[in-house]
Amino acid sequence: MTALVNIKDLKKSFTQPEGGKLLVLDIPRFQIEKGEQVAMIGQSGGGKTTLLHLIAGLLSPDQGSIQIDGLQTNGLSEEGRDRFRAETIGYVFQTFNLLPAFTAIENVRLGMAFGSGKHQHARAGDLLARVGLQDRFNYRPGQLSVGQQQRVAIARSLAGRPKLLLADEPTANVDPSSADSVLELICETCREEEVSLLTVTHDMQIASRFDRIEKLDEINQVDHTTASS
Amino acid sequence: MSLIHIAWRNFCHRALSSFLTTFSLALGVGLVVLVLSIYGVISEAFTRNASVGYNLVVGPKGSPLQLTLNSVFYLSQPIENLPYTEYMEFLPKDERASMVSRFGGDPKLAERDGRYAPYIAGGFAIPLALGDYFGEFRVVGTTPEFFTKLKHGPNVDEDFTFSQGRAFSNFSPENSYFEAVVGARVAKEMNVVLGEKFYPTHGDPSGHGHALGFTIVGILDPTGTPNDRAAFVNLEGFYLMDGHAKPIERDPEEDREDVLDEAVDAEESNEEQPETESESDAPTTGSIVPEITESNGVRLVQTESNTSDSVSDSTNGTSEGQSSDQEFRLISIPEREVTSILIRNGNIMFAPGMQNAINEGIRAQAAAPIGEINKLMNLIVGPLLTALLAITGITCAVAAVGILVSIYNSMNDRRRDIAIMRALGARRTTVTSIIIFESFQVALIGTIAGWLLAHTAIVLYSGKIEEQTGVQVGFFTTSNYEILVLPLVLGLALIAALLPAWAAYRTDVGSNLSA
């Protein structure tokens, strides 16, 4: 397999209110192969979401390199990272983050609105049908159940035909009975779409479904019990 | 999904706030459009009214604007009067001779063309005599030519037409010299009908009533000109009313006027008629011997010839305290005065030369009504419009601030939405554009709604506007300036959107996604 994500010597810190810097991530090496489904386990506040944001290009690392599909994203301008994100990355949020002003189908279309494949309206319908919401196209998020909202979010994350799907605790806000189906849906659709998947979670049971489980505490050199600089 | 569609969804999502913001802008735009439309109506009304088939108004020396206002618009007070001989200067020799023969006057007046007659060449000169009122409306003494020579309408090519009756004639067996035509508005507001007689009041609407009445023989169709607001009477009948003939008894004041007359005559004679240099306008001897008496307020002038002009007042003579066989004889030229003269040059190229020639004279002035109205518009109406536009512009600016406040206040709720869109690949410029599009949508809808509101109001009052000004306005009657409203409002909306757009641009994705 070829590495889709290749991270080397990645460091990220945040400025603290009192002025000092807090080192959150120090990852010497991390890779995800093409089509691989990886679960990242870590404690809350351990830097999981920060790692996803760095991979997605929403944050810039302090040092190190992030190479995705052969492109070093931390060398791109902000606009370049935006374009890269729109065309390469799908994102499923813990809180779904559907836009309340838009219907289910419009939320899915938003997932392809900022990339190059802007006008594949039929795909939005196909994706919603695939997640079982073929009769909820014109429902607004407030009219959908929590599980349905997460399904819409999954459909949206795949709308732009990404190469990598980042899922940030996708089942954290879903009731346990729906969590399995949501997770199954993510994994299955990623396989069908040949999309690599990186899911962060703190639930070992969920992680056990994935091809590979990585513990952030093991790949991150920062000791979060004492970390500050 | 286009950015405009995304902006529209955001607009709809905050429906109440969007509606109130848009509505306040619509009111501002509506006011601006109303002001522009009213200005357009006023401009057109003045321009149309000043374009009724003549190109110059001649009257006594004084303010040309006042001359235009009182002779064209029947507003303001007449400056003074001109001797009838001044009017005769616009007539060719044969017409002057006919007048001398008919009315009586200095025979030498008949021996030459009028000084300005060559300039008229194919045009016309119509005398007006003002000073009386019918209710609040001006009474205009004139000749029947007023209704045949003058035109009106947007292209100044429409003849005067009558909803009832006909134009008055110089003389009719049944009404003598006392026929009248009233404008459409006069007929409506004074509630008069054909065949009714009215008695003009002298000097102002509450002045003393003349003893002689005029029989209404015609009611004009609406023309959209000040003529709708006037009652036209036969000039000869006008002269026959008490106090309307210029006294010709000798007194020092008149002697001074005669000196002036002689100076004018001398000036004229130096150019064209040197042989009349030493002659006076005053009637002397010969065929005309005016014999002036007063009887029941009626000036009777007896002439020794031309008996066709001697008639019996058979209409309602007793109501005026006159005997039914009362004879009216036309007054002589020296007793006649005109307030102004409407001139149409046969060849418009002659107008400037004639205007200069008249203005160089001692007694009369010639004014171009359209020029005077343009001056009035520029001096008074223009600044007034500017002030009104400034006020309504401020209203629009306040509405634009409303847009700013509305969108900016929504930014707190929308930071997360913006962060989500950024996470989905939207660039900073994309989310900034969405905010600006939202502002533009408010501006566009507000402008269209305001325009519709204003034009609906105009259409609702179009009947009243047409009645008052004669200007026909429809839903799509627009001012030239209205085309500028949308770009200006869009400009304001852009300015209003800058601050929230900047806030959107600076939205931190990471912190807002986690929020």
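**View 1. The contact between chain B and chain A in a predicted model.** Chain B gives 16 residues and chain A gives 24. Two residues are in contact if their C-beta atoms, placed from the backbone, lie within 7 Å. On the side of chain B that touches chain A, the elements with two or more residues are α1 (3-13), α12 (369-423) and α16 (509-514) of chain B. The largest share, 4 residues, comes from α16(B). Helices (H or I, at least four residues) and strands (E, at least two) are DSSP runs, numbered from the N terminus. By class, this side of chain B has 7 nonpolar, 6 polar and 3 charged residues. Ala, Val, Leu, Ile, Met, Phe, Trp, Tyr, Cys and Pro count as nonpolar; Asp, Glu, Lys and Arg as charged; the others, Gly among them, as polar.

Residues are numbered from 1 along each chain as its sequence is written, and chains are lettered from A in the order in which they are written. Local features need pLDDT of at least 70, side-chain atom pairs count only at pLDDT 80 or more, and totals for chains, interfaces and linings use all residues.

**View 2. An open sheet of 5 strands in chain A.** The order is β6-β7-β8-β3-β9, with parallel pairing. Strands pair if DSSP finds at least two bridges between them. At the edges, β6 (89-92) and β9 (212-215) of chain A each pair on one side only. Neighbouring strands are turned by 20° on average, direction ignored.

**View 3. Strands β3 and β8 of chain A.** β3 (residues 37-41) and β8 (residues 196-201) run parallel, joined by 5 bridges. A:A39 stands opposite A:T199 in β8(A).

**View 4. Helix α6 of chain A across the strands.** α6 (residues 176-193) lies across β3, β6, β7 (164-168) and β8 of chain A. The helix runs at about 160° to β8(A). Axes are lines fitted to C-alpha atoms, for helices over the stretch in contact; angles run from 0 to 180 degrees between N-to-C directions.
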